[in-house]
Amino acid sequence: MNSVATATIPSKKVTTPTVQGDNSIGVEGTFQVLYQELQESTKASQQNCHDVATRITTEVYRICQESKRIQASGDVQSSAISLARHRLQQCMRYYLLGSSRGRVELHSTLSAITYRYINPPQRQLSYQGRLTIIEDFLQGFYLEALNAFRRENQMVSTYRPQTLLELAEYMAFIERYGKRRIPLPGRQQQLIILRAQTFSQQQPQETNVDIEQAAEGSSNDNDGSWEEPAVQQLRSAMAMQAEPEPEEDTLRSVVITELMDYLEQRQQSDCADYFCLRLQDLSTQEIESILGLTPRQRDYLQQRFKYHLIRFALLHRWELVHEWLEASLHTNLGLTPQQWHNYTELLDDKHRALLKLKQLGQPDEKIAKTLGLSTAQLQKRWFKILEQAWEIRNSLVSGSSASTHE
């Protein structure tokens with residue numbers, strides 16, 4: 001590997017990294033492109049832009065020198081410029097998101113990648129339980145990434161990002177670091193997935209905790225179980241005074257949790273994984289890559305998830321879902337007065353009678369007896385009523401007619 005030196009550029013009064021040898025001019029030009037774009041696109045200081053541009057340039061040419069593919073291409077400079085611009089775009093994406101939104105975006109991306117791999121042995125975790133373990137895992141991973149960032153950029157062991165630009169550079173590095181492909185026998189795997197699998201296997205088995213004992217304390221001073229970490233952790237959690245969440249966020253969380261449990265109970269864990277990735281607003285290609293699916297397999301999984309989602313929303317927990325959508329019976333299933341009038345006019349007599357009895361709050365057993373229906377017939381008719389209203393709302397939003405889901 002060629003050595004790295006520095007050359008002073010009088011016009012800019014900054015120090016430019018160069019690689020001694022045939023690529024020296026290219027390195028200087030690449031640095032200047034990055035440096036100028038950072039100065040024009042950010043509010044960072046001149047020195048801050050210089051430092052980030054230097055680190056990106058040095059990393060890019062290190063990769064170009066070590067890559068046999070790039071070296072064999074015969075156009076190292078073109079590859080270097082392309083890679084440098086890609087690194088800059090990654091950094092600027094987090095810079096424009098800002099400190100808070102950038103952290104959320106990074107956390108969501110890594111959570112989506114690791115969700116299906118965080119599954120401790122002999123433990124059946126709920127959606128929320130898995131998210132808690134993912135949170136613990138990622139805190140350690142962020143520290144590992146910071147140490148790797150310091151090491152690869154030859155920085156002091158106490159370095160921490162201080163400015164928004166440095167934080168953006170670090171977050172972009174974390175994402176790349178997590179997605180690095182590690183060669184394994186017969187395949188490659190992302191580094192963060194390997195870390196998540198190891199972390200998951202190292203989780204302790206579940207500990208049974210007496211809730212009353214945790215809340216009130218042990219009457220026996222010699223009872224060693226009171227010193228169990230799990231008991232102490234539970235007691236601390238019960239004592240915390242959490243701020244109340246907004247009602248809309250609370251309902252959304254309940255809907256998500258209920259749907260995840262619904263899918264797990266029906267042994268649809270792959271649908272649960274797909275749903276989790278959809279929550280992160282990932283692209284189709286990203287979902288296929290994370291789940292290791294072909295486009296055809298992903299399409300099949302998507303259709304299966306859609307089937308279960310509709311069953312959940314229109315039958316299993318229709319009241320909860322419609323309350324969250326502000327489309328309950330009290331608000332005419334979310335339809336406008338004119339839509340509601342046209343909708344009810346199209347219903348046959350039995351469907352209209354069923355809807356009226358539901359609005360009166362009568363239990364299903366009484367409604368079935370009144371209408372002379374079995375429970376299964378009642379559920380089928382009610383599903384159809386909700387589905388028709390759902391399609392009217394969807395067609396209003398999309399501007400086109402919705403298809404049925406028979």
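The accessible surface of the chain comes to about 24,000 Å², and 48% of that area belongs to carbon and sulfur atoms; such areas follow the Shrake-Rupley method with a 1.4 Å probe, and for residues only the protein chains shown count as cover. The model is predicted: local features need pLDDT of at least 70 and side-chain atom pairs count only at pLDDT 80 or more, while totals for chains, interfaces and linings use all residues. Residues are numbered from 1 along each chain as its sequence is written, and side-chain values use heavy atoms, with hydrogens and water left out.

The chain holds 18 helices and 4 strands, taken as DSSP runs (helices H or I, at least four residues; strands E, at least two) numbered from the N terminus. Of its 406 residues, 40% count as buried, that is, under 20% relative accessible area with a 1.4 Å probe, protein chains only.

In soluble globular proteins, nonpolar side chains tend to be buried together. Here the largest nonpolar core has 77 residues, a core being a set of buried Ala, Val, Leu, Ile, Met, Phe, Trp, Tyr and Cys residues joined through side-chain atoms within 4.5 Å. Helix H4 (residues 76-114) supplies the largest share of this core, 14 residues. A second, separate core of 22 residues includes Leu 314, Leu 354, Leu 355 and Phe 383. Among the residues with the most contacts inside the largest core is Ile 174. Leaving aside residues up to four places away in sequence, Ile 174 touches Leu 106, Leu 110, Phe 141, Tyr 142 and Ala 145, contact meaning heavy atoms within 4.5 Å.

Notes
Buried < 20%, exposed > 50% of the residue type's maximum accessible area, 1.4 Å probe, protein only.
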